[in-house]
Amino acid sequence: MKKNKRLLIALIFLVIMSFVGCKSDQASTDKEVVDMTTEADVTAPTASPIHPEEDLKESEPTIVPESTTTEETNADTAADITEKTTEVNDAAVPSPNPTAIPTPIPTVTPTPMPTPTPVPTSPINPIPTITPAPTKAPTPKPTATPTPIPIATPTPIPTATPTPIPTATPTPKPAKQDSITSIISTGFEHGTDGFRGRSQDEIISVTNSTSKYGSYSLKVTNRSKTWHGAEIDLTGTLKPGKTYKVTAWVKYITGASSLRIDCKINKNNGANYLSFGTVTATKDKWTKLEGSIILPSDTTSAKFYFESSSATDDFYLDEVELIEVIEAPIEVDNVLSISEAYKNYFSIGAATSDGVLSSPLTKSIVTYQFNTITMENEMKPTSLLDYATSSSDLTKYNTNPALKLNNLDRYLKFANDNDLKVRFHTLIWHNQTPTWFFTENYSTAPGAKLASKEVMLKRMENYIKQIMQHAKKYPGVIYAWDVVNEAIDTGHGMPGGYRSKDSYWYQIIGEEFVEKAFEYARKYAYDDAGLFYNDYNTYETSKRTAIYNMAKKLMEKDLIDGIGMQSHISMSYPSLSDYEAAIRKYGELGLEIHITELDMHNNQNTEDAFNKQATRYKGLFEILVKLKKEKIADITNVTFWGVLDSQTWLTNFKRETSYPLLFDSKGEPKPCFYEILDIVR
């Protein structure tokens, strides 16, 4: 019985001790949870109740290799945030067991026992940004895979890649669209196609011995004069005032290493030969000839032909194309007028012709860009003297030559109607004055005797008188007269440097002819138009000195108002320092200085050549503006000798294509135009 009692007491004691041990274990577990929560509260930053993922990113930033793109960085960051948020949620938000924390029994204070290491039901990986204990943390929001914060991949600020300023990259203007009409298009595959010999001597035939394309070409043989060639009569087909372009392939086989071949138009069945195109061919090679022309308005007949510089060499033609070009009017509204830009310095002019003024394209450029014009040939003696009338009645006309002034009226009226001033070019010149004007009784016979000095002085005076009195019908239109042109050539070896060998004026009258011309011009001049002496190579030292001395004598007699410097220069000659020195020298006289025939020969149709040309033009105009500003020289006009590159006289004169002017063949301003403008704007 006692033994049973002891067993019962021992059993009760074990039950009581078992109960007390369970209570102690639970209290130890509660203490661990409280300690962990307290540590997290102290070490972790305060969590944002709205964007807890921001704290995660800040405390554990993602390190991205330098080669990673922005899109990859954003994607990697989002994945890291997703992964970490899931991990924290799993560890910090366990489902608590309600019975795991029993209500304490206040009456029992058990003896502390060593705290056993609990076995957690889920792994806990402490991290600095752990969310507080479940009883304090909010329920996680559906931001476990958060949308990247906008500032992580900021939208570029608009000014980082600004919209280009319109003037920097302007919208290209539609190109001018010209229309064309074919006049001739032949490869001579079916015969001569209307071409025949210019005389009875040369032979025109189709041959298959050589050709550029196809099987045949046109051969010109049995020649004995340079003008012998192949021609076709296009009277009635070619229209006055219209623009035409030609291309042809030419070749020769025997003779010198090179041969010039020309394409021309014989106007009105007389001694009027208009240059259309020219090329220097290399022996035994096909060479392309190109050219353009505006047919003068007084054209009544036109023969289109080819000739060569050799009187005997055969030559060949192939693929001849002749077209009429109906030019689209140029848009000038967006291009600054060069004459307007320089109005505070000097007037700006251009040499024109009947054809230039008949073309809508060039006419629009002339009237918009320039405020003065010079007719290239239409006011020279050969264009105004009337042989038929003069020779018909010697009693009336022997010392008072008859003139054709209808065309002069046309040009002066055009200028007056378009608010342009005219330079009359030229009254007295040894060139482009017909020989019959210098002979007795206006004879055209070979070797005819020259007229006397007395007769020639009377013819000179009456010629000047008639023109000046006629021009009075247009008061204020003519602003300058080239009274004498090119009277100096120091190479002829005459005292004073006067031209003698090819000047009938000098041969008949002597050097006095210059002074007499200015004397007559002063006598009949009207308004305030200036009287000028005009010449080329005025910057060469010996010629500069001769011109200076001659002008000084005329100035002392009040017969001259200015000096015209033609200025047909090249890309390298003369030096700008020599050019400036010449202007300074003439400036010492106190006379007006005009740059009368400015162009710059350039045979390269390349961007680099045009830029070099622009730089040289700019340097020249900088000199002109400087000398004008400093009052070293009274520069009052600059005139360019032509409008479009395709119309320049230099292509024929130099026997190679030249690009010397401000506007290309389509009427578009070249780099030199803008460089000249930039000096004064």
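Select Arg-655, which is found in the loop between α17 (650–654) and α18 (671–678); helices (H or I, at least four residues) and strands (E, at least two) are DSSP runs, numbered from the N terminus. The phi of Arg-655 is positive, about 60°, although the residue is not a glycine. Most residues other than glycine have a negative phi, and most peptide bonds are trans. Arg-655 is partly exposed, with a relative accessible area of 27%; buried means under 20% relative accessible area, exposed over 50%, and partly exposed in between (1.4 Å probe, protein chains only).

This is a predicted model, in which local features need pLDDT of at least 70 and side-chain atom pairs count only at pLDDT 80 or more, while totals for chains, interfaces and linings use all residues. Residues are numbered from 1 along each chain as its sequence is written, and side-chain values use heavy atoms, with hydrogens and water left out.

**The whole chain**

Now display the entire protein chain. Its secondary structure comes to 18 helices and 21 strands. Of its 681 residues, 45% count as buried. Among the contacts with a separation of 6 or more, 76% are between residues 24 or more positions apart; contact means heavy atoms within 4.5 Å.

Ser-182 and Ile-323 are 141 residues apart in sequence, yet 4.5 Å apart in space, C-alpha to C-alpha. Leaving aside neighbours within four places in sequence, Ser-182 is in contact with Leu-322 and Ile-323.

**Helix α10**

Select residues 406–417, which form helix α10. This helix has twelve residues and reaches 17 Å from its first C-alpha to its last, close to the 16 Å expected at 1.5 Å a residue; the expected span is 1.5 Å times one less than the number of residues. Which residues of α10 are buried? They are Leu-408, Asp-409, Tyr-411, Leu-412, Phe-414 and Ala-415. Their cover includes α5 (354–358), α6 (360–369), β13 (372–375), β14 (421–424), α11 and β16 (478–485). After α10 comes Asp-419, with a positive phi near 55°.

**Two packed helices**

Select helix α11 (residues 453–471) together with helix α13 (residues 512–524): they pack at an angle of about 35°, with their axes 9 Å apart. Axes are lines fitted to C-alpha atoms, for helices over the stretch in contact, and angles run from 0 to 180 degrees between N-to-C directions. On the α11 side, the residues making the contact include Leu-457, Met-460, Ile-464 and Met-468; on the α13 side, they include Phe-513, Ala-517, Tyr-520 and Tyr-524. The residues of this contact divide into nine nonpolar, one polar and six charged. Here Ala, Val, Leu, Ile, Met, Phe, Trp, Tyr, Cys and Pro count as nonpolar, Asp, Glu, Lys and Arg as charged, and the others, Gly among them, as polar.

Keep α13 selected. It has 13 residues and reaches 19 Å from its first C-alpha to its last, close to the 18 Å expected at 1.5 Å a residue. Its buried residues include Val-514, Lys-516, Phe-518 and Ala-521. Among the elements that cover the buried residues of α13 are β15 (428–429), α12 (504–509), β17 (530–535) and α14 (541–556).

**The loop between β16 and α12**

Glu-486 lies in the loop between β16 and α12. Is Glu-486 buried or exposed? Glu-486 is buried, with a relative accessible area of 11%. Its phi is positive, about 60°, although it is not a glycine.

Lys-501 lies in the loop between β16 and α12 as well. Lys-501 is exposed, with a relative accessible area of 60%. Not counting residues up to four places away in sequence, Lys-501 touches Gly-491, His-492 and Gln-507.

**Cis peptide bonds**

Select His-425 and Thr-426, which are joined by a cis peptide bond with omega of about 5°. Thr-426 has its place in the loop between β14 and β15. Next, select Tyr-573 and Pro-574, joined by a cis peptide bond with omega of about -5°. Pro-574 is in the loop between β19 (568–570) and α15 (576–587).

**Cysteines**

For the last stop, select Cys-263, which is buried with a relative accessible area of 0%, and Cys-672, which is buried with a relative accessible area of 0%. How many disulfides are counted? The count comes to zero, a disulfide being a pair of cysteine sulfur atoms within 2.5 Å.
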